Amino acid sequence: MSVAVETTTKSFVLLPLGRRRVAFAAESVIELTALDRLQNFPHRTPWISGVLVRRNRVVPVYNISELFGEEAFFASRFYLIAEWQERGVRDWCAIPVAGECELASAELSRPPDGQASSQLPFVIGSIPVNGEEIDVVDLTKLIQARRAAPASLRAESAR
Amino acid sequence: MKIAPSESRPGRRASRSEPVILFSISGQTFAINANAIQEIRTTDSISAAAAEVSVPQIPKVRHRLRRGRTAFHVVNASVHFGLPASRPAQVVVLRNYRIAVLVDSIDRMETMKLLMALPPGFCGPERAWYRGMTLISENIVPVVNPAGFLTEPELAQLDAAATQAAETESLADPGGAVPMPMERRE
């Protein structure tokens, strides 16, 4: 007799980010696209470096160093277009990526209740990939965390 | 990876066509609903109708412009949008807002067929500055919100300063206000 076992294995997209890699749930990733023309207009949202037009929609490009507090060591080669949502409204954003992205299936290890993984509220857990523990980022929580941070902290983390 | 479902962008676009005026400030193009504009003049042609004002908390406004019975607060748009200093040559007088805007040039009139909402990731004052964005010749052009140039508290402050200045002027010079040049001082 066989017994059905519920697994929590999911697909994740791994992308290089500065010196490390992070993972996003594959279901939040729309596409990986070649560099496109970045357009800009005046605004004061520090983590947005411009906008792209993709599939007839305006997609903000999120500045890696502002968003994650990581330096971008290499010139970007692609944009990862991902979806996030807030109060039922979904939106796309583009994250510049330098280097290769990978698709991996793994089981998400969540931190015990009440504890934050990596002390970052937007890291919802980690996945093991080739012996490396890779932080899994919830894009919605990341954007909300940056938005909630006081301007002085945002400037500090960007330095 | 997946294609976003169609419900992911509910009510975020307005497709009714609308006449817009395209104008430039420091090399950046903006659009504004043509019906929101009362008149467009060169700075030279109306400098005689302008008086200097000084409200240190609102450095983007340095002049007040009288058109008929109405006084308009003149907003330097390059300061408002945080763009590099420019030499404005045109004044766009807005309808219904008691605001005039200094811009570098008027480019042309266009018909805007699509107004796209500002993506929710933007969370600064730009949410008040713009009604949204439109695509013109494959370029993204922000569509300004006429009410976004000055907030109600700023208007109240400017009105109070204008009243105070008028009282001072009438005491010092019963003949009237002294014309002021409108070019931005470097």
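Two residues are taken to be in contact if their C-beta atoms, placed from the backbone, lie within 7 Å. The structure is a predicted model, in which local features need pLDDT of at least 70 and side-chain atom pairs count only at pLDDT 80 or more, whereas totals for chains, interfaces and linings use all residues. Residues are numbered from 1 along each chain as its sequence is written, and chains are lettered from A and ligands numbered from 1 in the order in which they are written.

Leaving aside neighbours within four places in sequence, Leu80(A) is in contact with Leu15(A), Val29(A), Leu32(A), Ala94(A), Ile95(A), Val97(A) and Cys101(A). Leu80(A) also belongs to the residues with the most contacts inside the largest nonpolar core, together with Ala23(A), Ala82(A), Ala94(A), Ala100(B) and Val101(B). This core has 82 residues; a nonpolar core is a set of buried Ala, Val, Leu, Ile, Met, Phe, Trp, Tyr and Cys residues joined through C-beta atoms within 7 Å. A residue is buried if 20 or more other C-beta atoms lie within 10 Å of its own, exposed if 12 or fewer, and partly exposed in between, with C-beta atoms placed from the backbone. Strand β6 of chain A (residues 78-86) contributes the largest share of the core, six residues. Helices (H or I, at least four residues) and strands (E, at least two) are DSSP runs numbered from the N terminus.

Between the chains, 25 residues of chain A are in contact with 23 residues of chain B. On the side of chain A that touches chain B, at least two residues each are supplied by β3 (29-34), β4 (48-54), β5 (57-62), β6, β7 (89-97) and α2 (139-148) of chain A. The most is given by β7(A), with four residues. By type, this side of chain A divides into 13 nonpolar, three polar and nine charged residues; Ala, Val, Leu, Ile, Met, Phe, Trp, Tyr, Cys and Pro count as nonpolar, Asp, Glu, Lys and Arg as charged, and the others, Gly among them, as polar.

Chain B has four helices and 13 strands, and 32% of its 186 residues count as buried.

Strands β6 (residues 61-67) and β7 (residues 70-76) of chain B pair in the antiparallel sense over six bridges. They form a hairpin with two residues between them, and Gly68(B) in the turn has a positive phi of about 65°. Opposite Thr70(B) of β7(B) stands Arg67(B), while Leu65(B) stands opposite Phe72(B). Six of the seven residues of β7(B) are buried. A parallel arrangement with four bridges joins β7(B) to β9 of chain B (residues 99-103), where Ala100(B) is the bridge partner of Val74(B).

Ser78(B) is found in helix α2 of chain B (residues 77-80) and counts as buried because it has 22 C-beta neighbours inside 10 Å. The C-alpha atoms of Ser78(B) and Val103(B) are separated by 7.6 Å, although these residues are 25 residues apart along the chain.

Key:
Pairing = 2+ DSSP bridges.
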